Amino acid sequence: MTKSSRRGAPPTRKTTPDPDRLERLVAEANRARAAREQGYRERALKILPWVCGRCARSFDRTRLRELTVHHRDGNHDNNPPDGSNWELLCVYCHENEHAREVDAAAGGAGGVNDPGATREATHRALAGLADLLKKKPRG
């Protein structure tokens with residue numbers, strides 16, 4: 001290899017390992033963990049079972065990111081230490097819960113705060129099935 005062909009390559013540097021680097025990294029990770037544990041999600045995950053409060057789907061550590069904390073009263077600043085304002089919901093049920101609240105605020109029935117709201121289905125998907133079955137087949 002000629003001297004001119006080495007010019008474009010970055011020089012290789014040998015550095016001595018920093019013995020305090022690992023200690024700094026561990027200390028930083030411990031500080032970050034302690035800060036996270038102060039958040040309501042981490043506290044909720046410690047005191048509540050890892051089960052969705054709506055669909056009853058259970059979660060393990062590998063899928064825990066899909067489990068969210070829902071504030072029952074809608075106030076994200078109301079975080080009692082006993083977790084009485086929290087419920088764990090999967091991302092799908094949590095989205096559905098907030099969509100129901102938005103629909104109720106827009107004037108639709110069936111919202112969370114509508115005590116007279118009916119939860120029964122009003123659509124009759126198979127209403128015309130009997131008439132279809134009575135028709136004679138073409139032959």
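Is His94 buried or exposed? At 14% relative accessibility, His94 counts as buried, where buried means under 20% relative accessible area, exposed means over 50%, and partly exposed is anything in between (1.4 Å probe, protein chains only). Some notes on the rest follow.

1. Ground rules. This is a predicted model, so keep in mind that local features need pLDDT of at least 70, side-chain atom pairs count only at pLDDT 80 or more, and totals for chains, interfaces and linings use all residues. Numbering starts from 1 along each chain as its sequence is written, and side-chain values use heavy atoms, with hydrogens and water left out.

2. Overall layout. The protein has 5 helices and 2 strands, running α-α-α-β-β-α-α from the N terminus on. Helices (H or I, at least four residues) and strands (E, at least two) are DSSP runs, numbered from the N terminus. Of the 139 residues in the protein, 18% are buried. The accessible surface comes to about 11,700 Å², with 53% of that belonging to carbon and sulfur atoms; areas come from the Shrake-Rupley method with a 1.4 Å probe, and for residues only the protein chains shown count as cover. As for contacts (heavy atoms within 4.5 Å), take those between residues at least 6 apart in sequence: 42% of them join residues at least 24 apart.

3. Back to His94. This residue sits in helix α4. Its side chain makes a polar contact of 2.5 Å with that of Thr68. For the record, a polar contact is a pair of N or O atoms within 3.5 Å; within protein, one must be able to donate a hydrogen and the other to accept it, and residues adjacent in sequence count only if both atoms are side-chain atoms. Leaving aside neighbours within four places in sequence, His94 is in contact with Thr68, Val69, His70 and Leu89.

4. Another histidine to look at. His71 belongs to strand β1 and is buried at 2% relative accessibility. Not counting residues up to four places away in sequence, His71 touches Tyr40, His76, Asn78, Asn79, Asn85 and Trp86.

5. Side chains of opposite charge can pair when their charged atoms come close. The structure holds 5 salt bridges, each being a side-chain nitrogen of Lys or Arg within 4 Å of a carboxyl oxygen of Asp or Glu. One of them pairs Glu87 with Arg54 at 3.0 Å, N to O. Glu87 lies in strand β2 (residues 86-90) and Arg54 in the loop between α3 (40-47) and β1 (67-71), so this pair ties together parts that are 33 residues apart in sequence. Glu87 is buried at 12% relative accessibility, whereas Arg54 is partly exposed at 39%. Arg54 also bridges to Glu97, with the closest N and O atoms 2.9 Å apart. Glu97 is in helix α4 (residues 91-105) and Arg54 in the loop between α3 and β1, so here the linked parts are 43 residues apart in sequence. Glu97 is buried, with a relative accessible area of 3%.

6. Glu66 and Arg57 meet through their side chains in a salt bridge of 2.8 Å, N to O. Glu66 is buried at 12% relative accessible area, and Arg57 is partly exposed at 29%. Through shared partners, salt bridges join Arg54, Glu87, Glu97 and Arg100 into one network.

7. The core. In soluble globular proteins, nonpolar side chains tend to be buried together. Here the largest nonpolar core has 12 residues, including Ala44, Phe59, Val69, Trp86, Leu88 and Cys93. A nonpolar core is a set of buried Ala, Val, Leu, Ile, Met, Phe, Trp, Tyr and Cys residues joined through side-chain atoms within 4.5 Å. At least two residues of this core come from each of α3, β1 and β2, and β2 gives the most, with 4 residues. Leaving aside neighbours within four places in sequence, Ala44 is in contact with Val69, Trp86 and Leu88.

8. Out on the surface. Leu126, Leu129, Leu132 and Leu133 form a nonpolar surface patch with about 450 Å² of accessible area together. Patches are made of residues with over 30% relative accessible area and no salt bridge; like charges are joined within 9 Å, nonpolar side chains (Val, Leu, Ile, Met, Phe, Trp, Tyr) within 5 Å. Leu133 is in helix α5 (residues 129-134) and is exposed at 65% relative accessible area. Pro81, in the loop between β1 and β2, is exposed at 76%.
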